[in-house]
Amino acid sequence: MDAAQKLFDEMPHKDELSWTTIITGYIRNDDLHGASQVFDGMNNEKQVVAWNAMISGYMHKGFVSESLEMSKKMNLLGIKFDAFTYTSILSACANAKLFLHGKQIHAYMIRTVINPSHHFLYSVNNALITLYWKCGKTDDARKIFDRMPIRDLISWNNILSAYVDVGRIEEARLVFTKMPEKNHVTWSVMISGFAQNGSGEEGLKLFNQMKSTECQPCDYSLAGAIKSCAAIASLNHGRQLHAQLIQSGFESSLSASNSLITMYARCGVLQDSQSVFLTMPCLDSVSWNAMIAAFGQHGHGAQAIELFEEMLKEDIVPDRITFLTILSACSHSGLIDQGQRYFNSMKDSYGITPGEDHYGRLIDLLCRAGKFTEAKNVIEKLPFYPGAPVWEALLGGCRIHGNMELGVEAAERLFELIPDHDGTYILLSNMYSNSGKWNDAAQVRNLMRSRGVKKEPACSWIEVDNMVHVFLVDDTKHPEVQKVYEYLEELVSKMRKLGYVPDTKFVLHDMENEQKEYALSTHSEKLAVAFGLLKLPSGAMIRVFKNLRICGDCHNAFEFMSQVVERDIVVRDGKRFHHFRNGKCSCGNYW
DNA sequence: ACCGCCACCC
């Protein structure tokens with residue numbers, strides 16, 4: 001840059017282009033100060049290109065307010081914005097999620113721009129779609145898209161992303177099929193969109209489809225496919241993708257490696273997560289967050305904290321997600337004091353204002369530990385009107401400790417806030433049936449039925465020989481389920497000799513005791529574990545996954561089972577991992 | 001010169 005500057009200084013006659021070139025040169029070298037010095041040193045007839053160079057430079061480097069300030073000055077001087085100016089400042093607003101400001105610029109533009117050029121139609125409208133998409137205004141983004149007289153691939157990709165981001169996956173799918181052309185971005189967005197919305201299966205299918213097109217997988221689409229494996233816990237496919245990643249030369253991609261950390265953790269092989277983490281040539285905060293989360297989900301709170309402290313020592317700045325992660329980790333391991341300390345340090349030491357989700361984790365931390373007075377205190381002093389995450393955390397804690405009074409209160413709030421959410425009805429009715437209040441339990445279920453709320457059916461699955469085997473409660477569909485029931489019976493009688501007693505308080509409907517014990521023995525997680533024990537080579541770890549939370553009796557049963565069969569059993573439920581070994585679970589019964 | 005994709009938390 002020094003040489004360029006010298007050459008520039010020696011130029012006898014400098015025109016607008018040479019000034020602008022030197023400015024963009026500084027910006028490319030991350031030297032915004034240098035750029036602004038050159039800009040300020042320009043003679044008075046600064047034209048729109050020079051202004052644009054500065055504005056887009058600030059925008060790209062994340063200096064949103066500087067970028068917008070410059071555009072205001074420019075406007076005051078009477079210099080008209082062109083398509084580049086609008087694109088930059090709209091993007092600045094999009095990046096910072098400045099909805100109102102962006103909307104003002106949009107309105108101003110409509111008032112002042114009479115005959116938009118083609119350039120204008122593409123880039124500015126695409127930036128507008130992005131603005132509304134990033135601010136969560138999906139339908140406004142769609143309006144822009146629909147009103148565009150001509151669209152390019154970026155317009156299509158933007159509207160696709162807008163739907164994916166808010167989980168409107170069916171509309172995204174529609175856009176995807178209608179698109180006149182597709183590129184890497186298109187495929188990547190759709191693949192990770194499926195993964196994000198719990199359709200890992202479809203994500204992988206799409207990834208395979210992509211391979212048969214002229215678009216070959218890039219690091220983004222690979223990351224999406226790996227994320228899909230994490231969602232469905234398909235370790236075999238995940239390992240294959242890891243190999244493919246290395247083969248295709250993307251092993252140094254941060255996003256792909258970061259997704260590997262999560263994938264291995266969510267497939268139950270924490271060691272592999274760690275070896276990815278340890279061998280990565282460089283790490284960013286996402287990598288640290290992923291590894292901390294991995295420890296947390298596996299119940300290794302102390303290790304999560306250790307890593308978090310190491311992260312701070314390495315001068316990696318923790319972000320909102322780091323705190324969500326560390327709070328969860330503390331919560332799962334019952335590290336209440338540390339969790340509270342970290343929560344307080346968010347704002348005090350890092351200037352991050354805790355969001356509702358952070359408060360949710362804090363309340364979860366307290367309630368799990370039975371500290372309901374403290375939790376209520378937090379709720380009363382909330383700086384905002386408590387929403388669903390707060391009451392869900394409270395209800396979850398109440399269920400664990402059988403705190404009926406507070407639980408009912410939380411459930412009532414949730415019925416108002418999210419009446420279609422099945423989890424509230426299930427938790428409340430479980431609380432009632434756990435304490436033998438069968439009538440109340442039935443009433444809650446009736447309420448649920450009358451409102452047309454469907455319960456997500458419980459299912460568990462296990463991967464054997466590269467195939468995923470799914471079991472439902474009281475399964476009759478799996479071809480070998482009969483053998484599984486027989487084997488399970490055999491196991492239970494051995495377990496009973498060691499002291500296992502089916503805990504019928506986890507049965508949800510009132511019936512005779514014998515029936516209750518039978519009902520427990522048909523839980524999907526028991527079937528999947530028994531199937532694994534039958535099919536996997538002796539000594540191999542059993543890794544079972546369940547969509548909902550593990551049942552208390554199953555948890556108890558697996559402790560005994562791990563002792564009887566002398567094997568490690570790992571169960572991932574909706575929230576975390578349980579490692580059963582020699583009659584004990586890694587969660588220490590704190591979950 | 002300007003507009004689009006990722007990974008971490010759910």
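Trainee: What percentage of the 591 residues of chain A count as buried?
Mentor: This is a predicted model, in which local features need pLDDT of at least 70, side-chain atom pairs count only at pLDDT 80 or more, and totals for chains, interfaces and linings use all residues; side-chain values use heavy atoms, with hydrogens and water left out. Residues are numbered from 1 along each chain as its sequence is written, while chains are lettered from A and ligands numbered from 1 in the order in which they are written. Buried means under 20% relative accessible area, exposed means over 50%, and partly exposed lies in between (1.4 Å probe, protein chains only). Of the 591 residues of chain A, the share counted as buried is 50%.

Trainee: How many helices and strands does chain A have?
Mentor: Helices (H or I, at least four residues) and strands (E, at least two) are DSSP runs, numbered from the N terminus. The C-alpha atoms of chain A fill a box of roughly 95 × 55 × 50 Å along the principal axes. Within chain A there are 31 helices and 6 strands.

Trainee: What percentage of the contacts in chain A with a separation of 6 or more joins residues 24 or more positions apart?
Mentor: A contact means heavy atoms within 4.5 Å. Among contacts in chain A with a separation of 6 or more, the share from residues 24 or more positions apart is 62%.

Trainee: Which helix gives the most to the surface near DNA strand B?
Mentor: A residue is near a strand if one of its heavy atoms lies within 4 Å of it. DNA strand B is surrounded by 41 residues, the closest being Asn 126, Asn 157, Asn 183, Ser 255 and Asn 289. With 7 residues, the helix that gives the most to this surface is α8 (residues 118-134).

Trainee: How far is the side chain of Asn 157 from a base nitrogen of DNA strand B?
Mentor: Of the atoms of DNA strand B within 4 Å of the protein, 50% belong to sugar or phosphate and the rest to bases. For the base nitrogen, the distance to an N or O atom in the side chain of Asn 157 is 2.4 Å.

Trainee: What accessible area do Val 468, Val 470 and Leu 472 have together?
Mentor: Patches are made of residues with over 30% relative accessible area and no salt bridge, like charges being joined within 9 Å and nonpolar side chains (Val, Leu, Ile, Met, Phe, Trp, Tyr) within 5 Å. Areas come from the Shrake-Rupley method with a 1.4 Å probe; for residues, only the protein chains shown count as cover. Leu 472, in strand β2, is partly exposed at 34%. Together, the three residues form a nonpolar surface patch of about 200 Å².

Trainee: How many salt bridges does the structure hold?
Mentor: Side chains of opposite charge can pair when their charged atoms come close. A salt bridge is a side-chain nitrogen of Lys or Arg within 4 Å of a carboxyl oxygen of Asp or Glu. Asp 139, Arg 168 and Glu 171 are linked in a network of such bridges. The structure's total number of salt bridges is 19.

Trainee: Are Asp 553 and Lys 526, which meet in a salt bridge, buried or exposed?
Mentor: Their side chains meet at 2.8 Å, N to O. Asp 553 lies in helix α31 (residues 552-565) and Lys 526 in helix α30 (residues 524-535), so the pair ties together parts that are 27 residues apart in sequence. With relative accessible areas of 0% for Asp 553 and 3% for Lys 526, each residue is buried.

Note on methods. Polar contact = N/O pair within 3.5 Å; in protein donor to acceptor, adjacent residues only side chain to side chain.
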